[in-house]
Amino acid sequence: MPVSFFVNGAPITVDVLPATPLLDVLRIELGLTGTKQGCDHEGECGVCTVLLDGESVRSCLTPISKAEGRHVFTVEGLGSPGKLHPLQQAFIDTGAVQCGYCTPGMLVAAKGLLDRNPNPNHEQIIEFLEGNLCRCTGYKRILMAVEIAAAKLRGEQAEFKNEYPVVGKEYRRMDAVDKVTGRAKYTEDMVMPGMLHGRVLRSPHHHARLIALDRSQAEKLPGVIRIITAGDIPGENGLGDYSRDEPILTPVGDTAKMMGAPIAIVVAETPQQARTAAQAINVTYEVLPHVFTSEEALAENAYPIYSQGNILTQYSVKHGDLDQAFNESDLTLETRYQSSFVEHSALEREASLAYIDDKGIVTVICANHEPYWHRNYIASTLALEPTQVRVITPPIGGSFGGKQDPILAVTVGLASFLTRRPVRIAYTRKESFAATPKRHPYDLKYRIGAKQNGQLTGIHVRINANTGGYDAHGQYIVHFAVTGSGGAYRWQAVDSHAQTVYTNGPKAGQYRGFGTTQSTYALECTLDELAQKLGMDPLELRLKNAIEQSSISFLGYPIGESVGYTEVLKTLQPRFEEYLKDADAYNAAAREKGEPFRKGVGLAGMWYRFGKSGTLKVEAHCELASDGHFVVYATAPDYGQGSNSMLTQFAAEILESSSDQIRLVNADTALAPDSGIQGASRSTYFVGGAVCKAAGNLRKSIQAVASELLDCDPADVTFSDDKVHPAQDPTKGILLSEIAAEFDRMGRSRRIAGFFDLTPQFPDEKRPQYVPLFCTGAQAADVLVNLKTGVVQVERIVVSQDMGRTVNPVDSQGQIEGAVMMGVGTTIMEEVIPDATTSFASYYVPTIKSMPEIEIHLVEVASRHGPLGVKGIGEAVMTPTAPAILNAISRAVQQRIREIPATPERVLEAITTSQKEGLML
Amino acid sequence: MNSPAKYLFPTTIEEAAQALADWKGEARIIAGGTDLMLDLQKGKIQPHCFVSVDRIHGLDQIRVEDDFIVIGSAVTFANLKDHPYIDQHVHVLADAGRSVGSLSIQNAATLAGNIVNAMPAADGVMAAVALEAEVEIVDIEHTEWKPVESLFKGPGLSNVDPTRQLVTHIRFPRCEDHRGTAWYRLGRRPSLTLPILNCAVNVFLDDSGGIIQRTRIALGPVAPRPFRAQEAERFLEGRSPSAENIRQAAEIARGETDPRGNVLRASRNYRLATIPAIVENALSNAVERALGFVTTPG
């Protein structure tokens with residue numbers, strides 16, 4: 001049925017079925033991919049927001065016919081790179097753009113508001129944005145951006161006070177313009193001629209044996225090109241060391257260990273045909289017993305999920321005489337804390353596109369944290385040499401660890417390899433919930449001791465980390481579970497043990513703060529209990545026991561980086577004390593008036609081992625291009641955290657040029673060197689370090705060549721944008737393009753490698769995950785609890801974080817705000833309940849309405865080994881949020897809650913217990 | 001996408017009713033479409049034709065008449081909360097509208113659609129029940145007004161048959177004096193979520209402000225259909241709007257309900273534990289508003 005309407009002012013007629021979602025018409029029929037899709041046409045995420053006659057609507061729930069004769073406004077209509085709308089400019093300036101996936105919807109919703117109300121207050125902005133999820137920014141900068149743009153549009157003077165970065169000459173998120181104009185092409189936005197669509201058939205059972213699989217009916221369906229099962233895999237049906245026992249496709253005769261385990265891949269002409277055919281594959285299962293918790297999986301009579309038993313790996317740290325330590329304690333305390341499965345919920349769903357290029361290379365465009373790892377897993381499954389596979393990293397709409405999992409890249413590579421055609425697989429949101437890794441639920445048992453004066457003595461920890469049905473990197477989590485379990489404190493004796501346990505829950509894998517977050521939560525809550533029992537200020541307790549540079553740490557040896565924990569705590573102290581005072585005053589007044597609200601203030605610290613994954617030696621390249629630009633080659637995928645900008649800033653700093661002068665080739669295995677895995681907050685420290693080295697080497701090389709031409713000492717060759725000149729005489733400049741030509745005449749390579757190498761500092765350390773690089777931080781939370789409903793509003797969070805050195809204050813703060821918000825979510829609302837949670841409709845990611853006030857103090861204790869003094873903080877900043885909030889809630893209701901999320905129901909139970917115990921709340 | 005092949009935009013009610021008759025049950029009324037688009041994807045409905053109320057003359061109007069407030073079936077929740085009269089005098093409806101999903105849902109979703117979709121705790125429905133709303137239902141032969149409460153057969157099942165009938169208007173008695181309404185909603189997060197509980201109340205005081213003449217307390221989701229706490233209502237009628245009476249009424253309301261647990265939202269016990277708090281809160285706010293319109297000398 002033809003439908004005529006206007007898109008961004010231009011008349012358009014499309015001939016589609018009349019209830020086709022407007023979103024599909026925009027993206028598929030019109031190729032306007034600036035409008036994103038984040039859920040399954042359910043109206044649950046807001047990234048598809050457009051204006052219909054000026055009012056914001058979910059384009060996924062809008063039948064196209066509704067637009068007949070009306071005006072649709074999308075992000076493409078807002079402004080173009082040369083002519084940005086004030087909203088777009090403000091989003092860039094304030095750092096409101098990270099992964100960029102929520103950005104178009106946010107911009108459009110904000111436009112709808114400002115067109116109608118040029119002078120909105122805080123609450124009105126929140127009302128207009130409350131339906132748009134953001135996972136990166138914590139919303140704060142988005143709100144700031146709307147306020148600034150509104151003022152500008154009213155003709156007022158309003159500039160974002162941009163604190164200039166310490167590193168590099170000016171601030172520029174190099175991909176932000178593309179993201180605010182809708183031009184950034186994410187994997188789901190890409191199409192190729194002849195592209196097929198893949199769909200993975202998944203097990204509907206938590207635990208089942210595949211008895212038989214019949215694809216004959218499905219193969220006959222229209223559009224079906226190929227149905228792939230385990231037997232079709234030319235090479236390894238697995239992910240090597242990444243996940244020891246996880247097949248790409250479950251073979252007949254084997255068991256599928258979780259709901260969502262992959263069984264077959266259907267490749268068809270259209271997504272709908274692939275889906276229909278997947279449903280037509282006839283699979284016979286024998287359903288087996290299943291368990292969801294580590295406790296059940298470890299029970300004596302538990303069904304063995306794997307023949308070797310239900311424990312995957314174990315690890316422990318033990319030193320000192322624990323019995324003696326406890327005997328000498330004035331107080332010992334036992335606690336048990338638990339956490340649940342949580343989902344990354346990046347707003348871009350997992351998608352990957354593969355094709356065979358004209359040289360026969362299997363090329364896979366996919367989100368990743370390490371393209372070389374993905375390349376090797378793909379090659380291994382296809383029985384190819386790694387060089388016969390290329391991985392290209394597209395713009396990524398958020399990861400938080402979730403997109404490190406290689407299975408989708410391998411799956412789509414396999415599909416393209418076997419069909420010899422371009423294939424895309426885009427997960428639905430439900431599939432993303434069913435098939436991608438979650439955060440490991442922990443069950444932690446603590447026993448700690450202390451002297452009456454607060455000196456910590458012994459610590460005994462037992463941790464079960466639930467990795468669900470598959471390894472998915474859970475084998476390594478025990479190291480970080482144990483390391484996180486003791487914190488940045490001096491202990492007399494330590495015995496901490498963790499084991500990774502299989503269940504039939506969703507597989508658990510990489511998640512921001514890998515393994516550390518859950519341990520930090522239990523430790524810092526247990527310490528808070530201890531402080532209360534000792535009648536001691538919780539900050540004093542921590543200060544008293546904080547490690548110093550030379551202290552023997554929880555691990556039994558001193559840590560290898562600079563330690564700023566005491567500074568961190570002292571920075572937090574005045575704000576923490578103010579929070580306490582405010583809460584006391586509030587609660588006294590509320591009691592007086594009989595109001596059912598109480599405030600609570602909680603504190604938590606953390607230490608985080610960054611850079612722990614991957615090698616100690618990292619490579620990057622820097623090139624002087626023939627036109628005089630610099631080109632950085634490295635692998636540090638940017639999933640929104642800003643590594644693209646960081647890498648160019650570092651090069652700009654060393655080469656004394658503006659970042660406009662720098663181009664970047666990042667995370668492409670055909671073009672950039674392997675700079676190691678981007679996990680564990682490594683990129684700034686390690687890859688940044690390698691870029692600094694490469695840029696330094698290039699600088700020296702240019703100085704050597706230029707000194708001949710300039711007739712000066714190489715050390716006197718000075719860089720000034722696109723020129724070099726002798727330090728003494730700026731007028732005697734030579735263009736860098738001419739220097740490049742001179743390189744060529746001399747037959748000298750213009751592309752030079754640099755290595756960041758910690759091996760000399762840690763010569764005996766063969767296992768990178770043991771290298772003791774740590775950063776520390778602390779947070780205080782101020783919460784308001786409704787005593788009648790148990791509903792918690794986190795009102796304020798103050799963050800004190802040792803950055804080493806801040807590369808970019810705007811980006812750092814944006815990342816911290818996002819981490820805090822993610823922490824708020826995982827503490828009070830987020831939980832994947834196996835069997836019940838299937839999509840955003842049943843998983844509660846915080847909206848802008850849950851945003852607390854966030855105050856950030858960046859503490860700078862320069863690193864000893866990192867480039868320019870930096871440390872890795874992207875994950876670390878999330879770890880203290882949960883314990884700070886939970887301690888605040890527990891103190892408000894005078895009852896310990898030892899499970900997250902602290903849902904209204906759990907909080908109300910605690911309140912009821914306190915009331916039964918006759919406590920005066 | 002399982003889209004029907006046709007999508008009609010009648011401009012009169014008669015035309016719409018005629019279209020439904022012509023399609024003999026194969027067509028279906030659509031308003032905002034925010035629920036129907038989901039039903040369509042899930043295959044819960046498979047109409048051959050959608051008949052839209054969007055462009056029927058007059059149905060996008062909110063009319064403040066002498067005796068009634070009349071709301072057309074194309075009026076969205078955003079229209080409701082933005083309407084000065086509703087915003088000022090019918091808090092329960094404005095606030096319930098604000099609770100529906102988020103603004104970009106409210107800009108499309110309608111009160112009429114909410115009623116015909118017949119979910120037991122739909123925010124708009126709860127407000128309509130508390131307001132004692134009536135619904136005008138039209139088919140090719142008849143037009144009749146029915147109380148909103150009479151339209152629920154079960155969860156998702158309405159006595160309005162949208163393949164044969166259309167809702168054209170919703171109305172409720174106009175009243176500004178001695179009357180207060182209020183809304184309370186409890187959810188797992190403050191926006192973009194289904195309710196753990198919601199409560200809509202409507203309180204009429206006598207001229208002195210000292211006696212509750214009549215009250216309506218709607219609660220959801222505590223039964224397979226929108227629930228009215230009638231014992232609590234009866235208890236309050238004729239009594240003073242004191243804090244103690246309100247507290248007792250809220251307890252009585254708890255006693256009348258039989259909520260179920262939902263693993264994603266809250267258990268039965270949690271719902272039972274919090275019903276008194278939310279009923280009490282809503283009643284107190286409604287009484288306060290009702291008293292605000294009472295002119296007491298001195």
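Trainee: In chain B, which ring has the charged end of B:Arg214 over it?

Mentor: Keep in mind that this is a predicted model. The charged end of B:Arg214 lies 4.6 Å from the centre of the ring concerned, and a charge counts as sitting over a ring when it is within 6 Å of the centre and within 35 degrees of the ring normal. The ring is that of B:Phe204.

Trainee: Which residues are linked with B:Arg214 in a network of salt bridges?

Mentor: B:Arg214, whose charged end sits over B:Phe204, also belongs to a salt-bridge network.

Trainee: At what distance from the ring centre of A:Phe743 does A:Arg748 lie?

Mentor: A:Arg748 is placed over the face of A:Phe743. The limit for a charge over a ring is 6 Å from the ring centre. For A:Arg748 the distance is 5.8 Å.

Trainee: How many aromatic pairs are there over all chains?

Mentor: Two rings pair if their centres lie within 6.5 Å. Counted by this rule over all chains, the aromatic pairs come to 16.

Trainee: Is the pair of A:Phe433 and A:Tyr843 stacked, tilted or edge-to-face?

Mentor: The centres of the A:Phe433 and A:Tyr843 rings are 5.4 Å apart. Planes over 60 degrees apart count as edge-to-face. The planes here are at 65°, so the pair is edge-to-face.

Trainee: How many residues apart in sequence are the parts that A:Phe433 and A:Tyr843 tie together?

Mentor: A:Phe433 lies in helix H13 (residues 429-435) of chain A. A:Tyr843 is in the loop between helix H21 (809-828) and strand E31 (853-859) of chain A. The pair therefore ties together parts whose separation in sequence is 410 residues.

Trainee: Are A:Phe433 and A:Tyr843 buried or exposed?

Mentor: Buried means under 20% relative accessible area. A:Phe433 has 4%, and A:Tyr843 has 0%. By that cut-off A:Phe433 is buried, and A:Tyr843 is likewise buried.

Trainee: What is the geometry of the pair formed by B:Tyr7 and B:Phe9?

Mentor: The ring centres of B:Tyr7 and B:Phe9 are 5.3 Å apart. Their planes are at 40°, so the pair is tilted.

Trainee: Which residues do ring pairs link into a cluster with A:Phe610?

Mentor: Ring pairs join A:Phe610 to other aromatic residues of chain A in a cluster.

Trainee: How many residues apart are A:Asp189 and A:Arg27?

Mentor: A:Asp189 and A:Arg27 form a salt bridge, with the closest N and O atoms 2.8 Å apart. A:Asp189 is in the loop between helix H6 (176-181) and strand E6 (196-202) of chain A, while A:Arg27 is in helix H1 (residues 22-29) of chain A. The pair links distant parts of the chain, the separation being 162 residues.

Trainee: Is A:Asp189 buried or exposed, and what about A:Arg27?

Mentor: The relative accessible area of A:Asp189 is 6%, and that of A:Arg27 is 10%. The cut-off for buried is under 20%. A:Asp189 is therefore buried, and A:Arg27 also counts as buried.

Trainee: Which helices hold A:Glu524 and A:Arg542?

Mentor: A:Glu524 forms a salt bridge with A:Arg542, the closest N and O atoms being 2.6 Å apart. Both A:Glu524 and A:Arg542 are buried. A:Glu524 lies in helix H15 (residues 516-534) of chain A, and A:Arg542 in helix H16 (residues 538-545) of chain A.

Trainee: Are B:Arg63 and B:Glu65 buried or partly exposed?

Mentor: The side chains of B:Arg63 and B:Glu65 meet in a salt bridge of 2.9 Å, N to O. B:Arg63 has 36% relative accessibility and B:Glu65 has 31%. So B:Arg63 counts as partly exposed, and B:Glu65 is also partly exposed.

Trainee: How is H21(A) oriented to H22(A)?

Mentor: The axes of H21(A) and helix H22 (residues 881-893) of chain A come within 8 Å and cross at roughly 50°. That angle makes H21(A) to H22(A) oblique.

Conventions
Residues numbered from 1 in each chain as written. Chains lettered and ligands numbered in written order. Predicted model: local features only at pLDDT ≥ 70, side-chain atom pairs only at ≥ 80, totals over all residues. Heavy atoms only, no water. Phe/Tyr/Trp six-rings, centres within 6.5 Å; stacked < 30°, edge-to-face > 60°. Helix = DSSP H or I, 4+ residues; strand = E, 2+ residues; numbered from the N terminus. Buried < 20%, exposed > 50% of the residue type's maximum accessible area, 1.4 Å probe, protein only. Salt bridge = Lys/Arg side-chain N within 4 Å of Asp/Glu carboxyl O. Axes fitted to C-alpha atoms, helices over the stretch in contact; angles between N-to-C directions. Parallel < 35°, antiparallel > 145°, perpendicular 65-115°, else oblique.
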